[in-house]
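Thanks for making time, everyone. Please bring up the structure on your screens. I'll walk through it piece by piece.

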Amino acid sequence: MRSGGDFAEVYAEDKRSTSAGLDDGRVEQVTSGRDRGAGIRVVAGETTGFAHTSDLSESGLRAAAEAAAAAASQGGGGTRTVALTRTPTHPNNVVERYPDDVAKADKVELLRRVDDAARSAGAEIVQVSAGYADTRKRVLVANSDGLLADDEVVRLLVRISAVADGDTGMQTGFHSMGHTLGFEIFDSVDVEELARDAARQAITKLGARPAPSGSMPVVIKHGTGGVLFHEACGHGLEADHIAKGASVYTGKTGELVASPLVTVVDDGTMAGEWGTLSIDDEGHPTQRNVLIEDGVLTDYMWDFLRSRKEGRVPSGNGRRQSYMHLPMVRMTNTFVTEGDSNPADIISSTEKGVYIARLGGGQVNTASGDFVFGMTEAYLIEDGEITEPLREANLIGNGPQALRDIDAVGNDFAMGGPGTCGKDGQGVPVGTGQPTLRVAAMTIGGTAA
Amino acid sequence: MSLRVPLDPASASGGVAADLISLADKVVAQAQGGEQIEAYVSRGGETEVRVYGGEVEHFVSAQSEGIGVRIILDGRTGFAYAGTLDPNAVDEVLAEARDNVAFGTVDEWAGLAEPDGVPRTPQPLWDESLAAFPTERKIELAKELERLTLAADRRIRVDDANYADAWGEVAVATTTGIRETGRENGCYVAVSSLADDGDETQTGFGFSVARRPDLFDLDKASRDAVDRATRLLGATKPASKRLTIVLDPYVTAQFLGVISSTLNGEAVVKGRSLFRDRLGEQVASGAVTLVDDPTNPDAYTATDVDGEGLAARRNVLIDGGRLERFVHNSYSARRAGTVSTGNAVRGGFAGTPGVGALALALQPGARDQAALIADVDDGLLVQSVSGLHSGVNPVSGDFSTGASGMLITNGAVGAPVRELTIASTLQRMLLDIAEVGSDVDWLPMRAAGVSLVIHDVMMSGA
């Protein structure tokens, strides 16, 4: 590799994908996709130049490299030769049945079973849509420090949404599953059960009353609320936000930033999970990083360039959406570890509040810490009992405050469904998880007084 | 990217996207016994400069291209794409699309668009001066925006200042007689700001979007970034109550984006629109006339052709509160027993066309925002919203979103508030719209902004 900067890197990718969509009782279309190309990054001083190409021939790569070097240095620069050492990749996933070895007919059949199961869940179900998608991506990273690493990533996703209709209008239910595994996942996951659950949510919400308005205790069911920590503290612990002082957690390592009941981990090595990778998109092995331990902020998440500058070991959090994007600090699987409360006790000790059985998407402002989330399935808690279902609403809070307000953590850890995390225009797959837990006060954005 | 400039037949060789339409023609010519084929071929490039602390943080220069092929045979659809125009890959795409047909369900309404004779309204979407704009000037613009923003207020820091431009050209051809090419370019500058006061930090942003760099308004971009961040310093969480809200134009544009999904013809034919049975009925207050008009050159998303190659056109969706029309592409229109409204949207070569509004705008009223606020006794000026994607369900109509802004008391703007939500239902909010402002602002979205007064919305806070 030759370069005209302080650091140069090539990231090459070859991805094949198959997806199928079913809606309104019809398999609307099966799609096959092919994406391949390389992104070349050259760093000179504080400036990063980046160019990408779908032309993987030597001349195509050279043109992209020259464009990136010119962008970084605006001309100039010398040449040096680097010996590459291939780093063996220790796979975090073992794929048994590669999706491209599975007949398209089997993938379509899966969607038909989903459609049948959701529709048979009740006469109220008037519409079902379902999607299946798989990708198999080979990546190779080489840089001017001599690193050479490669990996293969398989991902498989199913999403189901159901619409129920009744006297009160229409309501929706949703379920999804995603893993970094092959088709063997369907030996252990019953997609019909997921479909029935989506249908049940929609039917249940037909009888829902408007969500309350104002501040109250919130109990979040295990496996559905990890996204709260992804938003409330995860983004604020990304080293790029820290470096610019654009995070409420800047300069807070070693300080108590959460309830002592809370330990938050980002772990890219969890077998089969949606955010799992063997190497990150800068070629470094992913690992388990403890971010908050017993309420104390222990470390941030790092990409390679920033950790290289700080003279520390990379944390395996340099990720990119594709070869067309620059890598940056991103989460992998982010979760709260198990506590020792019995989940039933957490509910029964809550006099009045909201039980969230499924949190939807969210959004955070890392600088102020303010965040919002959708409650897609929620119930009222009255006198320690889960009572009536609630219509959808957002809840709003402030990250540091919510972390301090956690007053019970259950002993029932579970990972949640697959997520796509958006940052600076790039989406990457992430996992989240958490045991049942309670936040003493959050603002529920409903309409009922 | 949707289709843009019409092909001039006289310049078919060496004209806009000549090699792309030639490739599309070749693919379409391979149709066999009864197949309908559509080939969509595009190429584009972008430059992005990010400046921080007076230095270039990164400079991205990139090009991409690709092809998507859709085949329909006996009511079954198959699709494939590749992010390259390598001849072997193109052959593979055609073969994969053909193979995928067998797995689709027969759909009696499946079919490609056919030319409908509606004339195009040409749009000025390509600017040569932008195509020739030198790199050093791009970097200078980003640095200038950072300087202006920092100089405006001592409490301000800049997270990043950016210049970006993009160009694209596209060709689409079908066995049904569609054959179009087009190209477009554009650019923007944007700045993200932080305002500090003691332990508190708030954020803001400002931008300017233009067809050519000499039309940028850097002063406004920097002023907006400063105002948005500093106005929230010292904001508190208000008590929960029901009140009147005044939406800033930027918020209204996002609100219209949500409303448009209920007027989507595909959602209507699949039973997912809450207005599916309401055509001809009063669904909004008399103050509401909502038009989708991509032929208005002021619209950021102005276009002369939709994603299937039909002419873009002006459609009145709600007239004085009465629901007049849904937007359709050729599939949803065929299924609904009507004709396409020229509203096929597609995200690029990797997908098939969906349905969507292209350039929505409310018919403006007579008074500016200050006059609207002067009439509000107890209200909230909503200056930003968050979590629209998570808190609004366009199928049920439940509406709940995070917000920040200023309280309004007896016609005067008062203290800033944050960490609150506003909630109602889409159905009620449309009926509760009291007045539309006169301050139309075309934003870089599929909808125009304008101030909007809505009664009886629940604000949740402490």
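How many bridges join strand β3 of chain A to β2(B), and do these strands run parallel or antiparallel? There are five bridges, and the two strands run parallel. The chain A strand covers residues 47-53. To find one pairing, look for A:Ala51: its bridge partner in β2(B) is B:Ser61. Keep in mind throughout that this is a predicted model.

Now widen the view to the whole contact between the chains. On one side are 66 residues of chain A, and they touch 62 residues of chain B. Which strand gives the most to the chain A side? That is strand β2 of chain A, residues 26-44, with twelve residues. By class, the chain A side has 31 polar, 22 nonpolar and 13 charged residues.

Next, chain B by itself. Domain 1 of chain B brings 27 residues to their contact, and domain 2 of chain B brings 24. Four elements of chain B give two or more residues each to the domain 1 side: β1 (36-52), β2 (55-73), β3 (76-82) and β5 (179-197). Of these, β2(B) gives the most, with four residues. Remember that β2(B) also pairs with strand β3 of chain A. By class, the domain 1 side has 16 nonpolar, seven polar and four charged residues.

On to the core. In soluble globular proteins, nonpolar side chains tend to be buried together. Here the largest nonpolar core holds 255 residues. Which members touch the most other members? They are A:Ala68, A:Ala118 and B:Ile67. Take A:Ala68. Setting aside neighbours within four places in sequence, A:Ala68 contacts A:Ile40, A:Arg41, A:Val42, A:Gly49, A:Phe50 and A:Ala51.

Now two spots in chain B. Start with β16(B), residues 412-425. Is this strand mostly covered or mostly uncovered? Mostly covered: ten of its 14 residues are buried. Strand β15 of chain B, residues 398-409, pairs with β16(B) over ten bridges, in the antiparallel sense. B:Thr409 has B:Ala412 as its bridge partner in β16(B). Two residues lie between the strands of this hairpin, and B:Asn410 there takes a positive phi near 45 degrees. β16(B) also pairs with strand β20 of chain B, residues 452-460, antiparallel, over three bridges. There, B:Ala423 stands opposite B:Met458.

The other spot is an open sheet of four strands in chain B. The order is β10-β9-β8-β13, and the pairing is antiparallel. Why is one side of β10 and of β13 left without a neighbour in the sheet? Both stand at the edges, β10 at 322-323 and β13 at 360-362, and each has a single partner strand, so one side stays without a neighbour. Further in, β8 (290-292) and β9 (315-319) of chain B are joined by three bridges and run antiparallel. B:Asp292 stands opposite B:Asn315 in β9(B).

That's the tour. Over to you for questions.

How values were computed:
Residues numbered from 1 in each chain as written. Chains lettered and ligands numbered in written order. Predicted model: local features only at pLDDT ≥ 70, side-chain atom pairs only at ≥ 80, totals over all residues. Contact = placed C-beta atoms within 7 Å. Nonpolar A, V, L, I, M, F, W, Y, C, P; charged D, E, K, R; others polar. Pairing = 2+ DSSP bridges. Core = buried A, V, L, I, M, F, W, Y, C linked by C-beta atoms within 7 Å. Buried ≥ 20, exposed ≤ 12 C-beta atoms within 10 Å, placed from the backbone.
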